[in-house]
Amino acid sequence: MEKLLLLLKEKTEKLQQGGGISKIQKHKEKGKLTAWERIKYLLDADMPYQEIGIFAGDGMYAEHGGCPNGGVVVVMGYVKKRLCIVVSNDATVKAGAWFPITGKKNLRAQEIALENRLPIIYLVDSAGVYLPMQDEIFPDKEHFGRIFRNNAKMSALGIPQIAAIMGSCVAGGAYLPIMSDYALIVEGTGSVFLAGSYLVKSSIGEVIDNETLGGATTHTEISGVTDNKYPDDPSCLDAIKNIIDKFGDSPKAGFSRITSIAPQLPASSLYTTLPEDRVTPYNMRHILLGIVDEGSMEEYKKDYGKTIICALARVDGWAVGIVANQREVVKAKKAGGTQEMQMGGVIYSDSADKAARFIMNCNQQKIPLVFLQDVTGFMVGSRSEQGGIIKDGAKMVNAMANSVVPKFTFIIGNSYGAGNYAMCGKAYDPRLIYAWPTAQMAVMSGASAGKTLLQIQEAALKVKNVSLSEVEKEILLKDIASQYTAQLSPYYAAGRLWVDGVIDPAETRKIISLGIAAANNNADIPRYNVGVIQT
């Protein structure tokens, strides 16, 4: 764990450098603050915040020079004591141009603002779509245009949007700040236009400089496109604070919260509970005791369906319903006095049945759900199939997928196959989803996948009357395992925004609390209805 946390620290610190030290120096020579400096200036210094989409683009676009952090920083934090989403373009990364992952990350920021009815602040400094990859960012439903659709939808819902044009704002991207409730601009560095001076000259022959075409004076005094101009970044950010300070309050969802109590075990205990060998059993309850408020946990059906722990508890005072995979080998009593040994991390019919009922209870009682994943999948084999594992698993997925209370997911170990789905993977709309450095996510484990893929390749070669020696099989298996193992990494998942980031386990409690505080801003909770359930 110490090695994994050191790697996390190193990778996080590198992200702070954006496009590199030289790019930062050139950026600051223009009188600009960096993306992170703008965010930290804006946020309340004494309040918690959480980065969203950290490591987006990790290991991607090498042929284009990379796109660290997706070229944009997204944070959930407090501005003038009001929880907001802040989106800050990083102009040191390809001039803030939008790669496909940049669009995905911006859409994720808007999704969180929409779900939680949070004000969203755009700190715009971007050259627009990255043209060499325009076919992967421009035309589809979840591409660039969706941003402006969301601007309109959020406006219709009364979700405040504030934009500060602090650098370039070009072409279609010009609509983002102008579709916001407030559009501010910084003199000398901010500019907004549908076409820059070069394109204007080539299109219609007009010769004009960018400042006259779309600078602060033009848009505050002539066109009226922007509201006010400011001499520098700090004064523009001060204006944002001054605007947010005047917002009225909104109805709350009413999730239960009392005075916070520290967990029974210190956060450091989370570092020592997980075994280095992920096959070795461990007791998930020890993890929970380092996260939930001391004395608050009340287990549901403790002696039934033991491979999933279901419990009511409090985290930083907030009431939660916890659904966690138990990794100990357990004994399950059966009819006739017999017992069955059940493997930890596997979902059996009884545990799926229990979890489904617990999830329904939490929805009826307006209790947010927290999922802690260390799951290898559902139990297989004739005994499980004849026992109806598919219908019991379907029941759990149905209850979880139709949940109306906010869900939060943490992948602390394995997250394989249908287990990922049943335990509220990204496809099932968790409000936030984070991975510990120990996480692995894939259809199946690396060892299982390697053997399966080897068998497939052997069968294909056999058709051609080609047989492999044991040495050749071993080499092929190593090649397959190496490629597959790289895709199991939590950074591979975070790079593609399958999770909202990789975190220090000690941050889990803070993220749950901040997430529920955000969710509490949306009072519109529909009636819970699971539809047809397999019985």
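Modeller: Let's start with the largest cavity, which has 16 lining residues; Asn89, Trp98, Val124, Ser126 and Leu176 lie nearest its centre. A cavity here is a set of points, on a 1 Å grid over the protein atoms alone, where a 1.4 Å probe fits but cannot get out, and a lining residue has an atom within 4 Å of a point. Bear in mind that this is a predicted model: local features need pLDDT of at least 70, side-chain atom pairs count only at pLDDT 80 or more, and totals for chains, interfaces and linings use all residues. Numbering runs from 1 along each chain as its sequence is written, and side-chain values use heavy atoms, with hydrogens and water left out.

The volume of the largest cavity is about 120 Å³, and the count comes to one cavity of 30 Å³ or more. Grid points are joined across faces, edges and corners, and the volume is the space filled by probe spheres set on them.

(Helices are DSSP runs of H or I with at least four residues, strands are runs of E with at least two, and both are numbered from the N terminus.) By type, the lining of the largest cavity splits into 11 nonpolar residues, five polar and no charged. In that scheme Ala, Val, Leu, Ile, Met, Phe, Trp, Tyr, Cys and Pro are nonpolar, Asp, Glu, Lys and Arg are charged, and the others, Gly among them, are polar.

Now to H5 itself. Asn150 sits in this helix, which covers residues 144-156. Asn150 counts as buried because its relative accessibility is 5%; buried means under 20% relative accessible area, exposed over 50%, and partly exposed in between, with a 1.4 Å probe and protein chains only. Its side chain makes a polar contact of 2.9 Å with the side chain of Gln110. That term means a pair of N or O atoms within 3.5 Å; within protein, one must be able to donate a hydrogen and the other to accept it, and residues adjacent in sequence count only if both atoms are side-chain atoms. Besides Gln110, Asn150 is in contact with Leu107 and Leu114, leaving aside neighbours within four places in sequence; contact means heavy atoms within 4.5 Å.

Pro160 is partly exposed because its relative accessibility is 22%. Residues up to four places away aside, Pro160 touches Leu118, Pro119, Ile120, Asp181 and Phe247.

Lys94 has a positive phi of about 50° although it is not a glycine, and at 32% relative accessible area it is partly exposed.

Among the residues Met76 touches, beyond four places in sequence, are Ile85, Leu118, Leu514 and Ala518.

Definitions and conventions:
1 Å grid on protein atoms, 1.4 Å probe; cavity = no way out; pocket = protein on both sides within 12 Å on 5 of 7 lines; lining within 4 Å.
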